[in-house]
Amino acid sequence: MTDSKYFTTTKKGEIFELKAELNSDKKEKKKEAVKKVIASMTVGKDVSALFPDVVNCMQTDNLELKKLVYLYLMNYAKSQPDMAIMAVNTFVKDCEDPNPLIRALAVRTMGCIRVDKITEYLCEPLRKCLKDEDPYVRKTAAVCVAKLHDINAQLVEDQGFLDTLKDLISDSNPMVVANAVAALSEIAESHPNSNLLDLNPQTINKLLTALNECTEWGQIFILDCLANYTPRDDRESQSICERVTPRLSHANSAVVLSAVKVLMKFMEMLPKDLDYYGTLLKKLAPPLVTLLSAEPELQYVALRNINLIVQKRPEILKHEMKVFFVKYNDPIYVKLEKLDIMIRLASQANIAQVLAELKEYATEVDVDFVRKAVRAIGRCAIKVEQSAERCVSTLLDLIQTKVNYVVQEAIVVIKDIFRKYPNKYESVIATLCENLDSLDEPEARAAMIWIVGEYAERIDNADELLESFLEGFHDESTQVQLQLLTAIVKLFLKKPTETQELVQQVLSLATQDSDNPDLRDRGYIYWRLLSTDPVAAKEVVLAEKPLISEETDLIEPTLLDELICHIGSLASVYHKPPSAFVEGSRGVQHKRLPPRSGSGESTESPEGAHSGGAAIPEAVPAVIPSQGDLLGDLLNLDLGPPTTGVAPAPTSAMQMGAMDLLGGGLDSLMGDDSEPLGGDIGGSPAIGAGFGGTPAVMPASLNAPVGGGLGDLFDLGGGVGTTTSAYVAPKTVWLLAMKAKGLEIAGTFSRRGGVIHMELSLTNKAMSVMTDFAIQFNRNSFGLAPAGPLQVLTPLSPNQTTEVSLPLSTVGPVMKMEPLNNLQVAVKNNIDVFYFSCLYPISILFVEDGKMERQVFLATWKDIPNENEAQFHIKDCHLNSDAASSKLQSSNIFTIAKRTVDNQDMLYQSIKLTNGIWVLAELRLQAGNSNYTLSLKCRAPEVSQCVLQCYETVLKN
Amino acid sequence: MIGGLFIYNHKGEVLISRVYRDDIGRNAVDAFRVNVIHARQQVRSPVTNIARTSFFHVKRSNIWLAAVTKQNVNAAMVFEFLYKMCDVMTAYFGKISEENIKNNFVLIYELLDEILDFGYPQNSETGALKTFITQQGIKSQHHTKEEQSQITSQVTGQIGWRREGIKYRRNELFLDVLESVNLLMSPQGQVLSAHVSGRVVMKSYLSGMPECKFGMNDKIVIDKQGKGGTADDAGKSELGGSGKQSIAIDDCTFHQCVRLSKFDSERSISFIPPDGEYELMRYRTTKDIILPFRVIPLVREVGRTKLEVKVVIKSNFKPSLLAQKIEVRIPTPLNTSGVQVICMKGKAKYKASENAIVWKIKRMAGMKESQISAEIELLPTNDKKKWARPPISMNFEVPFAPSGLKVRYLKVFEPKLNYSDHDVIKWVRYIGRSGIYETRC
């Protein structure tokens, strides 16, 4: 059979010919024609014009032809819904066919035709097929329910298909069970709270029985479903684990990974001193290693998952280092992943082997891989102290190769080694300096400059070196500029006599010739420090630095736990929660690990229990310059460009310890200076970023108890005002726990008794207690600022939520935001500082004395130029003018006059904002018409859009 | 779940496109072509996310298979399915090539309709599929009612991989123990890593629904029996020879016919086999591996324009056994201008296109050694980058299992038909091949 000829017909008039052939009397010719149609369809040609002719071929007893016609139908039915109805009869008839294969085919295809009219006809046949005597038909019908649900969820519920589907979980045929589970799981995902998949010990038992009997795919469906169950106690958890472990020997890697997921999840509940716990840990390693002998694509999936598993439970694979050695012929994606895992598993016991391997890799061809290998050597040095010396000498060897990118990468990591082991390896500086000229990447240049500045006293020609960089100052990236500024100031403090000119030069370059505010602000700070008190400057700039931590780029614990629940899935491949890449309602639910069981662990701290004894630092994030993860998260938070307020752009901070330092910056800011953010220094970034480059500064204030000082500073109470009937939007989540190390913030705004309130719910989703809360706002359009401290009186324990009402004033610094009602907020606790932005309804700014005199209104209305008038339509409002008027009044939108013309009510209204801006409005309502027309006039027309939003929310709620 | 499945030729033209979910549009077909097939760089990941749509791909010769989804699917399952899809296609029409796919596109659509429903993989055992998806559409019309229900019960049944009523005049089975031995050795001869990944492939031509039990010299089983005092088990060395007593298996996986719970509790391997050829198990060992060859490299750089290479290989197994298809591949620098080779045995050639000297020896007995020496002339370059010195790799085939695995027995019971274990003719063969067998130099 050579069907390829069908792909080659491309001549004109083809459609006509096909039409003729389709209507031919000869069966063979008909079939040939349909094949041609399908071939054209495949390559993307539009053959929808043939719809009626193809559908005519449907009435046939030739199964092959029938399948082809169905294929065509599935593709084009949606574009020709009326025609598709023609096919219904055949479908319904086929669903009664004595041959089960045909019955199943009909119901399967029908579900794929996404036409509303057809779905109505589908219900009866589907109901029959779900109870068909033949399991093949039932298993097909089970999936069909999911299809129908995707088209018309309501219909599925109304017709009671969900109950029938639930019944199929008890079916005698394992494949029917598996498909029913798959369908139910999918439907349940779009109804997060429906409790549709009512998993109880009885159903679990049924699933576990079917698990032993169904196909490999069915096993995956069942295991993935099992993973959503939370056992009642450790005993049930153990018994499920026991029945799942045999799956680890399945030839299908997906079965193995799904089984691993179930085990990793349920293990959480087992007491650690239980023998079985140890047995289980041992059983997990071999199958994970076996996955590495699968095809490369699967290896990649496996490695991404192993990366998560070794972070969660390092003990499982700690002896398996060798299997992660890179093979010469591995695809690059496998190589990079293996390298990552090697670093995670590196320990004193295996470091010699690891280093020998890494050195080997550093001579390979692929640039990314080589860079990562070099970086890995640096990470080993930091992680395993005993190996540091060997790592450094390996890096020096690599620098000798003079391969440009190897040298640059090596210098970046050596800088970290200096920070981790101060005063130990500085003898290599001379070698590094030799390579100064070859550095062309900002990160490497910045690292080198940092080294020169930091060790200026040991480098004879430090001034010359730095001066050479200064020549092209304006062409350097910000990172390098900031670093150069700091380095020269350090140099000056160390060797003041020879370098005065240099420091003046750099300060003037930074403050006068640069338009980068970070740089300028940092320059001014240094300037001021140096001119007022050089001794203090020395203390600040040359203070001892905190050591950098060894564990790097670990996934944040709450995210890690969530990803563990998604082992095997795309989320585990991307290392992102499903909500980050799945649209719509699916996958928005965050999965959690079951809580740990208590027995035998009462002495352990919650952190210890949580991390499973792993060396995962919980509270303090480990930041190493090159690791952009945490910084990346920061940048994702929709904060404006570096010029705007509270959140200094992290890039400006030379990345070194940026998180800690920002925190420190904010603390000191609030401790030293009661004027919130701003003042003569030129905005907060100056402080946050300014110190970023000199990590020396912050440790003292970093560790100081901040809470107390803050509390004293603002002694305004968080007074609760009287409630009015003004509409208050429900709270929305502003800060996700995942992005904020476990702190979730939801909130809304309200105006009560003339005072604006920010209503916050703080939830602690981390495992440790949170204290020392403080809040700050960035400058914003209406000068909103906290009128008091964030009053969280008691420490917030894990899983606890506290409600806080924060009174706001409107006397803060003003800056126009985009959109106008955007508010950027920084919240600090004992763990870190987090940033988020939210939108406030402008109605909170409407003041109580906003009722204008009628005369003034008229005059003003005329006075404001017509181009400032904006007209909007508000749809679907069913209030009469009086109701609307009183409703609006409660939100301080005052009706001044009412006029009725031609059955149309016109309301003239006025609004006054906190900053004195008046908005005049004309609202037109017509009885029996739910569309209102709103005309707004204001001298500042920018606010119109926001005001419209308020009208809409107020009128509709 | 899987939203769509596309097959492309090397140019990026679509050969097959089947969409299962409404969220996947026709533009997805083009997105993959533009961003992956036509991408300039090398493929950096088998999973690509383009505009919130995830593409999984595998390549077979120059054919691309891509599965598409917008949901958080089970990624391992998608790849397993794509491999399975390849297996099924190969079983139906041989090699996966553009020609074969075009020739069989109707069949492929029919298969895709059957094995993937709404993106959920369904029974994809070729044995079962071939009973009702045939290239002669007419055949399916003539099934009787019994046959029909037999098909459906097989497709959905507990033993989906075997149909009832198989009859052979001669009951026969073949067991192939196929091992690939992997080695990474340092220039000094230190084993950096070594493991054997083995497969037991069975061809069964047995009547009825035979119950089989497979035994090998698994250390855990032997030790258990040793304790029980039944060391001289009846099945011992029934098929295999003597040799190493037992081996430690790191891990093994089984075909879905094997009862995993029984293996987990008793470590016995029992199953009803599919008819014909299939892979019974895979295993992995790392302890006490017999490394059939040792490669001793010596590379000397003479000035900037010359390299001297000497490589000795030593065979390390019983002198009575013969290794075959031996090939040693010695990489040469990119700026090689000429090579002179002298070898004592076999043939050696410098292949400029592969940047390697390939030395082939047809046969070599155990406990022998052979040597090659080569002079490599280099063109002077100003390339600062050093030559990466890729490892020397080796290929071979030996008639034993480098892991030491031995088949102890394979018992067959078919209670309903009147043939017994003794009537079954059994064949066992051991083949050890090189996997990635590399020595750094």
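Reader: Is A:Tyr229 buried or exposed?

Author: The general idea is a cut-off: a residue counts as buried when its relative accessible area is under 20%. In this predicted model, A:Tyr229 has a relative accessible area of 6%, so A:Tyr229 is buried.

Reader: Where in chain A is A:Tyr229 found?

Author: A:Tyr229 sits in the loop that runs between α14 (216–226) and α15 (234–244) of chain A.

Reader: Which residues does A:Tyr229 touch?

Author: Leaving out residues up to four places away in sequence, A:Tyr229 touches several others, including A:Leu199, A:Pro201, A:Glu236, A:Ile240 and A:Phe266. Take A:Pro201: 28 residues separate it from A:Tyr229 along the chain, and the two C-alpha atoms are 9.6 Å apart.

Reader: What share of the residues in chain A is buried?

Author: Of the 957 residues in chain A, 61% are buried. As for contacts between residues at least 6 apart in sequence, 69% of those in chain A join residues at least 24 apart.

Reader: Which residues lie nearest the centre of the second largest cavity?

Author: They are A:Tyr328, A:Glu360, A:Glu364, B:Pro391 and B:Arg440, out of 14 residues in the lining. By kind, the lining of this second largest cavity has seven nonpolar residues, one polar and six charged.

Terms used:
Residues are numbered from 1 along each chain as its sequence is written. Chains are lettered from A and ligands numbered from 1 in the order in which they are written. This is a predicted model: local features need pLDDT of at least 70, side-chain atom pairs count only at pLDDT 80 or more; totals for chains, interfaces and linings use all residues. Side-chain values use heavy atoms; hydrogens and water are left out. Buried means under 20% relative accessible area, exposed over 50%, partly exposed in between (1.4 Å probe, protein chains only). Contact means heavy atoms within 4.5 Å. On a 1 Å grid over the protein atoms alone, a cavity is a set of points where a 1.4 Å probe fits but cannot get out, and a pocket is an open set with protein on both sides within 12 Å along at least five of seven lines; lining residues have an atom within 4 Å of a point. Ala, Val, Leu, Ile, Met, Phe, Trp, Tyr, Cys and Pro count as nonpolar, Asp, Glu, Lys and Arg as charged, and the others, Gly among them, as polar. Helices (H or I, at least four residues) and strands (E, at least two) are DSSP runs, numbered from the N terminus.
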